[in-house]
Structure formats: C-alpha cells, structure tokens
Amino acid sequence: MNFHELFAHFGDITVDGLTKGSIYALVALGYTLVYGVLKLINFAHSEVFMVGTWTVLGAYSLVGADEGSGVGILIIATVLGFLLAPLASAGTALAVERIAYRPLRRKNAPPLIFLITAIGCSLVLTETFGQALHAIFGPPFGRAAVSIPSLIPEKEWVNLSWIAISNTQILVIVAAIVMMVALDAFVNRSRLGRGVRAVAQDPDTAALMGVNQDRVIMLIFVLGGAMAGIAAMLYTIRYDITKFDIGFLIGVKAFTAAVLGGIGNLRGALVGGLVLGVVEVYSSTLFSSNWEDVTAFVVLVLVLMFRPTGILGESLAKARA
Amino acid sequence: MPEISELWKSVNLRERWETAPTWVRMIVSGILLAIAIYLPFLNVLPFAYIRTDLSTGGSDWSGVLTTIVIYMIVATGLNVVIGMAGLLDLGYVGFYAIGAYSLALFGSPDSPVTHWFADKFGLSEGWSVPFVACVPIAIAIALAAGVVLGAPTLRLRGDYLAIVTMGFGEIIRIISRNANGLTNGPNGITNVPTPPGPKDPDTGQPFFNPIDGYRWYWLCLAVLILLIWLVRRLEYSRVGRSWLAIREDEDAAAVMGVSGFKYKLWAFAIGAAVGAIAGLLFGSKQTFVEPTGFALNLSFLFVAMVVIGGSGNMVGALFGAFLITYLPERFRGLSDWRPFCFGVALVLVMILRPQGLIPNRRRARELEDRRLEAEEVATDD
Amino acid sequence: MTDTLESQAGEVLLEVDHVTLRFGGVVALNDVDFHIKKGEILGLIGPNGAGKTTCFNAMTGVYRPTEGEIRFDGQQISGRKPHHITALGIARTFQNIRLFPEMTALENVMVGTDARHKTSVLGALFKVWPRVRVDDVDLPRNRVKRAFSQTFGVSRHYAEERAGRRVAMGLLRFVGVADRANELAKNLPYGYQRRLEIARAMATEPKLLCLDEPAAGFNPAEKEELMGLIRKIRDRGLTVLLIEHDMRLVMGVTDRIVVLEFGTKIADGVPSEVARNPKVIAAYLGEPDDAA
C-alpha cells in the first residue's frame, strides 16, 4: 500500500485519472444511448472505437503528417482526424445495426441472441484489422501494436508544486466535456432528441405518436459511434498507439463506467467514466497497475449492491419510473 | 435453407426417438456409445477424413477428441445456468480456471500451497494431495465461489449479472496472474497430477500420459456421460420445473412458493461445479496450468457453444461445443482465419437461426411466438 | 368490529388490523379493518380504484402497511417473502392470468404441488436418500424395480414426484381441465386458463385461497359455473377470499362482504345487508356494471 506515493502526487494522479475517465465516458455514451433505447448491451461498440483509432492513423498518413511535419500539415491532419474518426466510427456502428441487429429486431429476438451476435460482430471487426486487411495490405494492419505519430507534442501547461497538467490532458478533458454537454443538450432540447427520449420511454406509444422508430435507432447508433470516434481521436493524441484488439479492454471499462453511473443515463456516463478513471489510477498507485482492473470491477459490484441502478439512476427519458 | 429444414422436419428424428420402444433406444444408445469409444482409432476410409491429423502439422486426433469432450462438459454445465435457469453468465471461464488451479495448487508438488503445507507441518519434500482427493476439493472450492459470486449478484437484473460475472472471470484470471505467492504468477504451475492408474511397466510413464491420448478421451467421455445423466435427473424433477418457472415468470413462481433466489443460486453453484470439473480435467491433461489459458474470450466461446447449439437443449449444447471445437481443428490450414470465420458464423447463425441449430422445443416455440408477435405489430402499423 | 357475525362462524383465519397504506402523499388504504373466518367465502368488493387490489397485495406480502398489521393464523405476514407466505398457507390467482405459458397444464399445477414437497436439490440429483414407503399404486411398474422398492422403499424424490402428479391430475379433474392436461398453458382457451390458475393455486395446499377477479371476461353461463366451482372449493375445507367487481356474482356466492371505497371500508356484513346499505348503493350508483 503505497500511500506516500499517492499523497505526494495526488494532483497529478487525479488529473491523469480524469483524462482516462473522460475517454471512458465518451465511449460509455454509446453503450448508454443504445441501452437506453433498445435495452440492449451493444458489445460491438468497443470495436467501433477501435475502427476510430485506425481511421486516425489513416487520416494522418493520407496527408503525410508526421512528428516532424510543418504546422500547416499538423493542423490539417488533426482537423481531418477529428472529422474522419467520428465518421468512420458512426458508419461502423450504423453498419452493425443495419446488418446484424435490425434483422434480429424484426424477429423480436431475446437479448441473449443480440449479445451473441454482438460478440460475433466484434470478432469480425477485430479480425478484419488483425487478419483480413493484413492479408491484403500487409502492415501496419496485423496483430502487432502500431504507434501513431504524436502530432501534438506533450507540454506542461500548468506546473504548480502540487499539480502538473499537460496540454493533451486539458485537450482530452475539455473536448470530452464539450461533447457531453452538446449531446446532452441535443437529446434534451432538439426535436430529434425528443424522439429519442420518447422511444426510450415507451416505444409503442412513440410509434403511435408518429415517431419513426427505425430512424431514432439509427440516430442513436450514429451518435454513439461518433462519440466513440471522438474518443478514439483523443485516445490517439494522448496515448499514440493502436492495435487490432485495443477496443476490448476500453469497451469493458466503458461499459462498466456506464453501469456505474446508471446505464441509460447520459450524465451518468460522464460521472461513471470519471469515477472509474480516478479509482483506477488511485488503485494502481496504491497497489500496482496489475490490480487496476480488479479494483474497477470490485467498485462496480459494490455500487450495484448498494445502488442497483448506478450512481445517478437510469433514465434516458427523464420521467421513467 | 428452407428445403433442408423441411426435409429435416419430415424425418422428425426427435419424435421417432421419443416414441421408440425402450429396447430400440437402448440399442441405438449402445451403438452410438460404441462409435464414440471407437473414434480415436477410426482409420477406415472415407470416415477417417474426419480425423484432424491427416495432414502434417494437424492436431493429435485423440487430443482434439479430448478437448471436444472437455468443452462438452463445459457446455453441459453452462447450459444449466443459461439454458435452464436463464441466467447470463459471461464469466464461466472463472470456474473453469478455479477447477484447473485447485487441482494444480493442491495436487502439484511444485505449487506454493503444497510447499507451504509441507513446511508448516514438516511433511516430506515433494508432498502433495493425491489426485482423487483433489477432485472433491476443487468441486467444493468451485461451489463456494459460485455461492460467493451468486449471493450478492443474483438479485441484479440480467444485464448487470452479465457484466458482474464477466468481471468475476477477469478477476480470477488477474489473481492467477498476479498473486505470485499463491499461483506462481505468469510462470504457472508445473507437475499437475494425473488421475491414478497402473504405470507402464516398460517406460515408467503414468497410465494417463500424453502419448496414449485415447485414455484421456475415454476418461473425459465417462465423466461427461455421468454428468449428463445427473443433470438430466435435475431437469426432470422439481428443480428443473422451478428453473423453468422462474425463467417464464419469476413473480408468479414466487407466489407458487418457488424461492427464485435459492434455485438460481443452485443453478449457479451446479454450473460452477461442472465448469470446475472440466477445468480440472483440462489442467490434469496439460499437466501444466498458467493464467493465459483462461482469457475472457474463452467465456464468450462457451456462451456461443450453448447458444449456437440451442439454448436449453442439452443435445444442442453438446452439438454446439462439438462444432466450435472441432471445425477450427479440422481446418487448421486456415488457422489465421479461424477467429474471423468464427465471427462470421456466429452472426450468420444468429440471424438465420436464432433458436440455435438444435433448439429446445420450448425455446423454439418462444422465439416463434415472439416473431409472430413482432409481425403482428408490424402489420398493425 | 361489531355484531353477531363474530359468534356465528369459526375462528379468525386472517386479520386485517387497522391497516393504513400510503404511497408518498397518496393514501391507498385508510384504516381498513376486517377479518376472514375459517371456512367462509368472503367477498371484497368496491368500485374501480377503491383499493381492492392494493389491499390484496398487502395481504400477500407485496406491500408492507404503513400502519397497522395483517395477521394470518396469528402470525404477522406483512413484509414477508412471497414464498414464505405461500408456505404459511395463502395462495392467490392473478387478475391478468399469469401461468407459465411454455409449460403444460399438468406441469403448471406440479409447480404448485412442489411447494409442499421436501425433495432437496441433492435428493433430486442422487435419488438415494431419504427413503420412504409408498402405497402399492405408487410403486414402479417394472417388476424388478417393484420388488426392490418393496424391500428398500423408494426415494423421497420418486414418492413425491408420483404423489405430485397424482394430486395435480386430481386438481385438474376438479376444475375441469383434465382433458387437456398435456397441452401448453398458453394454448388453452381463456376459460381453461382461468380455471388452471385456480388449480395451480390450490396445489400449494393453502388454507386461504385468494381469487383476484376470477370471472373477468366470463359470460353469464361461465360465471354461473365458476360460482359452483368456488362453492365446491369451500366444501373441500378451504377459505376463499373473492375480489370481484361484479356485484351479482359476489351476492350469489359469498357468505359475507366487505366493501371498500377510496381506500376506506364502508360496509361489512352478509350480502343481503350490504345490498341494502345506502353507502354501498351510493358508491355503486352511476358505476357502470360492465360485467353484466
């Protein structure tokens, strides 16, 4: 139990946890949106994130951006990453919904079937990058980890005696919070968002009121996918790496975060993500990084036992009983 | 596929089997059993093409058969949890690992646990618990783990149960990897004991050794048959009825005096014990246990076996286990493509045949009803 | 509690003792106070939303009263688990039928008989211990097994399984569903499903059988038949609590009636008395008698 380390660097560690947690939170949104409307755990969502990270790599190589490139190219590459990653992720999410989930919804299949299908989709997507694309194009695709050029060099922006915050940390946290606020406003204020809430609350009545269910479902997959794409972009900026199975662990953590905060609840995803991120870094400082995942799950079990619907409760549609 | 399924329906194997007189069924079962026993020596063309070791680099045929049967045991246990009681357990690999590690920790003279016992009680060097005694220890530990995991979590809703059990599976693996003092960490534990038997007089090899793979296969087959027989007994008793009632309508079942929690916990514990037995056989056959053998993906594979075969139906679950283990071994030439093909197959089977390949009749009907209901709603619009 | 009724019949089986039930600011039951005596058929009636089902749910342990308590056979039952309450001897049916749709009629009733069985999971698994003696009818047909069972007895699992099946078939015959015992519950016609639910509840060997609007959706002929069945159930020694909407049915079959309105008891007495009670008439006036 390394308390000394924890207290000596408490500020740094907390900021590090918040950074991690912001990425979890953005990915968690995808789980929460889909669950809130369809009552379905979209296990393939982790791969939506993974596709995003590869897209960033693609965007960089498209404009030939590298660590040594000029400022102009760096800006273009970064903007392109922020545009293409969400697009690709949203497209992947939409494809999964159209190809795999929609036929099952037509048959009104039970949740278990969706789950297995999602696991299947997840395998197909990881193997596409780990195997299929490798067979066609060779590296960088394949089973090895690939480093992504770090276009924004890490610099400390805040440096006080008790806390140091770097530019990428600020970027990740701020971008994540901005996206969350925008999404929350969209769902709660806009007409489309009202449709989402209506379907979440009572699909049949919503259909009677003229809400097009399929469109709402497509919308939530697109929104969740786009958020995962942004998360992927932020992740590559902060951690400079991708791998064909990178989505798995982040997906599990993000789903844990969603449940922790109260699945189906957008603000819960933020709270859950941040709490999980911070708890993880504290525990890896206290014990060792080997036990990080154990702590995450133990916290989840404890929260569920005492607050079975998560920290903020579950409600995408606010008035659900 | 409709023509094939029509043809299948017209043959109606299931009904014929159920209406057949006892002696016919006994003879057919006897023949099937004989074939199963003979399989490792199968060398008659064209049937020998099912063997996996025809091409160079193929897997040892007896070894593959053993793995198939071990996974069939897993499917039998998981079918109790998922198919009968309707509980989604995504951490089943945890119990499989507990079985393997229990045997290794108590049965291997190289494990930290036996060392500790030897030091503490002044036992001779190389002391370990005999294999036969390890079996009840492993089952007891798995039962306890099932209860410890189930008691706080079985009250949770289905989806939460899925994630919590998944966490459990991961925790077991992480502990086995990181608790160096207990499990030797990533190095694993060597010298895991094999079941007792007469030693080979010439070579001094134990009776269950890697060369005579068919012995392992026969042992696992015997265990599988025993377990199936026991699980059948439960299925056709008040226990099976209670599971079914809970799955259908938990509140109504409670009013009929069925304690949902108690029977769910039993399903969980029984599943855990069966999973541990499978893990124990696996560990013993490898004579070596290490954390990487119990990755979370294996849990998904297990669930896929049960669901692809036909959830709730034991024959279906066994068939699913067979397919998922056998096909990748048979087509090892495509080894790099195996996970990809597996993923595609999962998606296709689920979309085209959500009730599984050999569905439980009840489940098939439930799905059919749900489909019709959905169609009715669609035409109402 | 006034009157002469107290002395007329047997001892009290269920006591609803000044029960008040609030949900937040809403008072669902207000100081409701009545009792059910052994061997009677008590009707609990009231217009829609009067608190009949709430009262019923409090009695079967779904809600815990805010004030007052409910006693069954002298034991406090509020707040107990549903399966404990079944074990004490209260069984119920549901207003909207809740059978196990994918189980056969017989299996449905057997789930009920299991409530009184003692076979443990291990007993069902090994079928060895404990051993019991059974009558000749329940012995296995196979001659070898028969001889074995005569010498060593049969396992409790076997005995209970046979007895359960026999009792269940008997109950199906009693309610008139026996001809379709092996059909799935969901494929049975509506009337059969209602009666099957009664059989399933009776299989738990209750002292008190609570029927929640058992005549809902029945035509007059079917209602008549149901009244006969309820009397037959009472003749088997069960106490019946009947929640009903339809005054005529209740008047015809019950020994005593409790009337609720807006969560308050407004009348309690024999049917003829209650029917003349001005408060009851007022409560039902303008209330469309949809069941007629």
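## Confidence in chain A

Chain A averages a pLDDT of 86, and 97% of the residues score at least 70. Here pLDDT is the predictor's confidence in each residue, from 0 to 100. Helix 1 (residues 3-8) of chain A has the lowest confidence in the chain, at a mean of 77. Helix 3 (residues 45-62) of chain A has the highest, at 92. Over residues 317-321 of chain A the pLDDT is below 50. Beyond near neighbours in sequence, that stretch has eleven contacts in the model. Contact means heavy atoms within 4.5 Å.

This is a predicted model, in which local features need pLDDT of at least 70, side-chain atom pairs count only at pLDDT 80 or more, and totals for chains, interfaces and linings use all residues. Residues are numbered from 1 along each chain as its sequence is written, chains are lettered from A and ligands numbered from 1 in the order in which they are written, and side-chain values use heavy atoms, leaving out hydrogens and water.

## A hairpin in chain A

Strand 2 (residues 156-159) and strand 3 (residues 164-166) of chain A pair in the antiparallel sense over three bridges. Two strands pair if DSSP finds at least two bridges between them. The two strands form a hairpin with four residues between them. Val158(A) stands opposite Ile165(A) in strand 3 of chain A. Helices (H or I, at least four residues) and strands (E, at least two) are DSSP runs, numbered from the N terminus.

## Which chains touch

Chain A and chain C do not touch. Their nearest C-alpha atoms are 14 Å apart.

## Where chain C meets chain B

Here 31 residues of chain C are in contact with 28 residues of chain B. The two chains bury about 2,800 Å² between them, 60% of it on carbon and sulfur atoms. Buried area is the accessible area (1.4 Å probe) that two parts lose on being put together, summed over both. Glu102(C), Val121(C) and Leu125(C) supply 23% of the area that chain C buries against chain B, more than any other three residues.

Four salt bridges are counted between chain C and chain B. A salt bridge is a side-chain nitrogen of Lys or Arg within 4 Å of a carboxyl oxygen of Asp or Glu. Arg241(B) forms a salt bridge with Glu161(C), with the closest N and O atoms 3.1 Å apart. Helix 5 of chain C gives the most to the side of chain C that touches chain B, with five residues.
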